[in-house]
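Colleague: Please give me a close look at a single part of this model. I would like the cut-offs stated with each term.

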Amino acid sequence: MARTVNPAAEAERFLGALDEKSLAIDEAIAQAKSGVAHSSFAAYKVFSDAASDFDGFCILIEYRIKKIADDAERAGFEGRLLTARVHAMTRMLKASIELIGAVANQKELPLGAKDVFLRELRSIYNLKNTLSRPPFVGQLPGDTTHDLDLAEKILREIIDKAPALLELTPIDPNEPADP
């Protein structure tokens, strides 16, 4: 016998769990910033995983909400999900900016720094683009507008300097390969 699921009850339960995932992101951000500042990337992995879990869970919740028949009830859940996403993504954008700065400020880049740098570059790019489009635009706290401007400046700077920063050099087809 198939189990009948109430989409609204399921969305409510999932939104409660999303709050816990949001708290996990907060804890992971603090640990990642401290770890990266001390050339340790284990805590960064926890942050990266927590952000990915949050994003994936938002997708599941979004699809559950779409199954709610009542328009007003569905709109209420959509508003709650939007608020949770805006809150988490603004914190993740700020953290990504700080993490990329922490990596850039290190005198000697330890093993793993390039990976963190590239992941945070992608994260800044994706968050900036997402938060600059509906339904997020107009929902952002004032300081996030500053962070979006800063993200744009960082992206432009990195793109302008990408070959030097990422050690990308043109390959000379006439040059012999390393043994």
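Modeller: R64 is partly exposed, with a relative accessible area of 23%; buried means under 20% relative accessible area, exposed over 50%, and partly exposed in between (1.4 Å probe, protein chains only). This is a predicted model, in which local features need pLDDT of at least 70 and side-chain atom pairs count only at pLDDT 80 or more, while totals for chains, interfaces and linings use all residues. Residues are numbered from 1 along each chain as its sequence is written, and side-chain values use heavy atoms, with hydrogens and water left out.

The side chain of R64 meets that of E10 in a salt bridge, at 2.6 Å from N to O; the term means a side-chain nitrogen of Lys or Arg within 4 Å of a carboxyl oxygen of Asp or Glu. R64 lies in helix α2 and E10 in helix α1, so the pair ties together parts that are 54 residues apart in sequence. Helices are DSSP runs (H or I, at least four residues), numbered from the N terminus. E10 is buried, at a relative accessible area of 12%. The salt bridges form a network that links E10, R13 and R64.

The axes of α1 (residues 7–37) and α2 (residues 42–66) come within 8 Å and cross at roughly 165°, the axes being lines fitted to C-alpha atoms over the stretch in contact and the angles running from 0 to 180 degrees between N-to-C directions. That makes α1 roughly antiparallel to α2, a label for angles over 145 degrees. The residues of this contact divide into 23 nonpolar, 2 polar and 4 charged. Here Ala, Val, Leu, Ile, Met, Phe, Trp, Tyr, Cys and Pro count as nonpolar, Asp, Glu, Lys and Arg as charged, and the others, Gly among them, as polar.

For context, the whole structure holds 12 salt bridges. One of them joins D49 to K45, with the closest N and O atoms 2.9 Å apart. Both lie in α2, 4 residues apart, which separates them by about one helical turn. D49 is partly exposed at 33% relative accessibility, and K45 is partly exposed at 44%. Another joins the side chains of D71 and R74 at 2.3 Å, N to O; these two are 3 residues apart in helix α3 (residues 71–104), again about one helical turn. D71 counts as exposed at 53%, whereas R74 counts as buried at 19%.

Methods
Angles under 35 degrees count as roughly parallel, over 145 as roughly antiparallel, 65 to 115 as roughly perpendicular and the rest as oblique.
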